[in-house]
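Here is a briefing on one protein chain. Look through the sequence and the 3D view before reading the points below.

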Amino acid sequence: MDIVLVTTLIASLFLIIGVAEPLAARLRLPYTVILAVVGSLIGAGAIFFLRTDFTDALNPVAEAILGLPIRSNVFLYVFLPTLLFQATLGMNLRRMLDDWVPIIVLAVVAVVVATFSVGYALFWVSALPLAACLLIGAIVSTTDPSAVVTIFRSISAPRRLARIIEGESLLNDAAAIALFGLFMGFVMLGLPDPDLGEALARFPVLIAGGALIGWLAARVAVWVMALFNTYELAQLSISVALPYLAYIGAEQIIGASGVIAVVAAGLTLNLTGPGRLPPQAWTNLRELWEVLAHWAGALIFILAAFLIPRLLEEVRVTDFLLVGVVVLAAIAARIVILFGLLPLLTVLRLSPAVERPYRVAILWGGLRGAVTLALALAVTESFRVPSDIQRVVGILATGFTLFTLIVQGTTLRWVIKRLGLDQLSPIDQALSRQVVAVALQTVREDVARTTENYDLSHDIVRSEAKRFGDRLDEAVKTAEGSADILDRDRVTLGLIALAGHERDTILARVRERTISARMTEQVLSNADRLIEGARTGGRSGYQRAARRSVAYGRTFRTAVFLHNRLHVSAPLARLTADRFEMLLSQRLVLRDLGAFIDGRIRRIHGRRLADLLRELLSRRIDAVETALEGLRLQYPGYAEELERRFIRRTALRLEEREYAIMREDGLIGAEVHTKLMEDIGARRAAAEGRPHLDIALQRIELVRQFPLFTELGDASLKRLGRAFQTRYVNAGDIIIDKDSPAKRVFFIASGAVELETAGQTWRLGRGEMFGQIAILMNRPRRNEVRAIAPSTLLVLDEERFRRLLDRSSAVRDAVEASAEKRGISPESLQSLRAEETPA
């Protein structure tokens with residue numbers, strides 16, 4: 001084939017890609033529908049010109065189009081890894097992990113339900129063997145959510161809903177391709193009725209093997225990329241190689257799922273990359289993959305659409321009936337998931353509530369695309385698959401894909417409009433009118449200053465001022481007419497705006513590099529939770545998200561368990577250092593929000609709401625300060641070292657800005673500027689590094705700060721530090737249940753607890769202990785102890801506590817003082833202690 005012709009053809013494909021997106025926006029159709037239609041027309045035209053005598057001039061072009069090496073392996077080994085890898089890099093994994101239960105359940109269960117629904121429906125109405133029917137079911141169970149997600153974003157649908165759909169679709173493809181591999185093997189072996197139990201038993205092995213290969217490949221890639229820290233192009237090149245090597249390694253070496261390997265590699269790079277690569281390199285890496293995925297997604301649609309006329313050449317009338325069966329079975333399976341399983345997950349509080357209109361939109365937006373066509377092509381190419389099965393698979397998969405693209409894709413926006421999802425809510429409409437009024441007032445002031453500065457004609461200024469004033473008066477009247485927004489709704493709107501500005505402030509700080517790249521995703525995830533909490537739960541939802549941002553999570557508690565029980569300290573040290581840096585970043589951002597409240601919020605929503613938001617902000621700052629103070633007490637000196645590094649990063653940013661200004665003013669040349677920037681880069685790499693945190697050493701220092709233990713010597717303090725176990729509790733957690741056996745004593749290192757007994761409430765803070773009275777009186781606990789702030793507790797078992805009691809007079813005095821405070825005779829404790837000491 002002539003290289004000039006092939007090059008021209010490939011360049012033309014990219015031209016089509018460039019034109020298709022604005023054309024889709026103009027026609028208000030999904031982008032993939034335009035690509036599929038154009039590709040189908042090109043394929044049909046090539047066949048027409050090649051097989052007719054209409055003209056021979058276009059025969060070389062038609063032969064070039066039909067001669068392109070469009071094979072299933074091209075889709076599966078070239079394009080598919082690109083799409084999957086970019087999808088994982090573009091995800092906010094910390095937010096995705098919040099919804100991992102509905103994502104996993106919907107993805108896996110949806111694929112299984114769709115596969116078996118379509119498979120058995122075809123088996124009952126056709127003469128195809130069950131294995132072939134299930135193979136078709138696996139092929140059509142993949143979904144392309146891009147159209148519905150794009151529309152959801154344009155209509156301000158809940159972000160969490162769009163995130164669940166994206167995550168479900170990613171794992172949906174992986175699970176469907178894994179099932180496809182199983183049933184394809186049965187068909188090629190000629191097994192008409194496979195053992196489904198054996199097939200499903202192999203399914204987890206395929207997934208686990210792929211995940212292991214992907215994780216290992218990504219860890220090696222990140223390690224190598226970190227070695228090439230100053231060679232950005234080398235890092236980008238390694239990232240391009242990663243998904244393909246992971247896919248081929250899983251598929252060809254151990255026979256596992258290559259799709260799962262690519263997904264695992266992308267997730268691992270997404271989690272570890274920001275902390276190991278320079279911020280600009282990580283940004284450029286993601287942008288590179290966005291471009292590659294855009295090209296791959298468009299090319300896979302166009303090239304797959306080239307094949308549609310060829311796959312439909314041998315279509316029969318009965319095939320249309322089978323396509324109808326596939327359509328009805330697939331829609332029925334989707335209905336079961338969206339209107340059966342999803343509400344059940346909501347009842348179990350594992351998934352957000354999804355309103356019925358959104359579920360209908362998701363149902364109708366479940367388009368199929370290039371992955372379905374690529375899998376069907378793989379069947380039609382296999383010489384080990386009987387020819388009659390090849391024909392039916394190709395026709396049914398292609399027919400179903402065309403139905404979703406042409407029927408569902410072209411009517412999706414109409415369905416969205418009929419459901420009323422394209423309209424602003426009454427609250428948003430009222431807010432928009434008030435925002436317009438405030439914005440126009442600001443614009444009028446700025447325009448007045450501008451006209452004075454430029455000394456414009458008074459007549460023109462007067463006429464334009466009158467015109468603008470009329471518009472402003474109308475906007476003010478409209479805003480006053482919408483002043484019936486409920487106070488509760490106004491608070492919700494103010495909190496959404498505040499959380500949104502907090503997110504913008506975080507991004508600005510990241511660009512300035514005052515917040516390290518390592519913590520970017522975590523602090524942005526906290527801001528996203530605030531936005532979603534305010535949208536779904538108003539003030540209470542916002543406060544829940546705020547408390548969660550400073551609370552100890554499940555991962556942290558797992559690390560504590562590993563440290564206390566198995567003496568594995570590395571995870572706890574890393575998570576503690578992360579918590580330190582996260583809290584410092586939060587404090588930095590929160591202190592910048594006051595000006596926004598006093599400015600924009602006060603002008604739009606009034607003084608009363610601004611004061612309320614000020615109070616909520618003050619509480620958040622206090623909570624962050626409390627959590628930071630607790631860490632400072634545990635690890636003295638570490639917070640100060642992090643603050644020093646923050647100051648160094650700020651100084652480097654300002655220094656870099658000064659050099660850039662001097663370069664623009666011509667005070668220094670390009671060579672000098674390059675040398676200065678290299679020096680800044682080296683110092684910035686050192687400032688980005690984090691000091692080592694020694695958990696064991698710091699615990700001894702923490703014990704030393706307790707006034708109760710001041711009289712103990714260094715050797716006793718070290719033994720006591722090793723004997724203590726650390727427990728982290730969040731506000732509201734129950735530490736001691738009523739009537740539970742007395743086995744441990746708790747010392748409060750930071751935070752505060754509330755103790756309820758005999759109708760009375762006691763509050764204990766840092767340096768105090770609880771749980772000792774029940775042990776000394778040898779009785780079950782008669783009170784409940786609950787944390788009222790995120791707290792750090794040092795826990796000592798009964799035997800060690802009694803030894804400590806014998807050695808320390810300060811501890812004995814504290815026990816007696818605590819007993820007197822609660823109305824218990826110290827003499828009874830003394831006699832009891834004296835009786836038990838000899839033992």
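**Overview**

Among the contacts (heavy atoms within 4.5 Å) in the protein chain with a separation of 6 or more, 79% are between residues 24 or more positions apart. This is a predicted model, in which local features need pLDDT of at least 70, side-chain atom pairs count only at pLDDT 80 or more, and totals for chains, interfaces and linings use all residues. Residues are numbered from 1 along each chain as its sequence is written, and side-chain values use heavy atoms, with hydrogens and water left out.

**Whole chain**

- The protein chain has 34 helices and eight strands; these are DSSP runs numbered from the N terminus, helices being H or I with at least four residues and strands E with at least two.
- Of its 839 residues, 50% are buried; buried means under 20% relative accessible area, exposed over 50%, and partly exposed in between, with a 1.4 Å probe and protein chains only.
- The chain exposes about 40100 Å², 58% of it from carbon and sulfur atoms; the areas come from the Shrake-Rupley method with a 1.4 Å probe, and for residues only the protein chains shown count as cover.

**Nonpolar cores**

- A nonpolar core is a set of buried Ala, Val, Leu, Ile, Met, Phe, Trp, Tyr and Cys residues joined through side-chain atoms within 4.5 Å.
- The largest nonpolar core has 95 residues, and F180 and L285 touch the most other members.
- Helix α9 (residues 159-188) gives the most to this core, 14 residues.
- Beyond its neighbours within four places in sequence, L285 contacts L89, M225, L236, S239, L269 and L277.
- A second, separate core of 50 residues includes I506, I515, L530 and L631.

**Helix α18**

- Helix α18 (residues 387-418) has 32 residues and should span 46 Å at 1.5 Å a residue, which agrees with the 44 Å between its end C-alpha atoms; the expected span is 1.5 Å times one less than the number of residues.
- A kink of about 50° is centred on L412 in α18; the bend is the angle between axes fitted to the seven residues ending there and the seven starting there.
- Just after α18, G420 has a positive phi of about 75°.

**Residue R71**

- R71 lies in the loop between α3 (59-66) and α4 (72-89).
- R71 counts as partly exposed because its relative accessibility is 45%.

**Strand β3**

- Six of the seven residues of β3 (residues 744-750) are buried, so this strand is largely enclosed by the rest of the structure.
- β3 pairs with β8 (residues 791-797) in the antiparallel sense over six bridges; pairing requires that DSSP finds at least two bridges between two strands.
- The bridge partner of F746 in β8 is V795.
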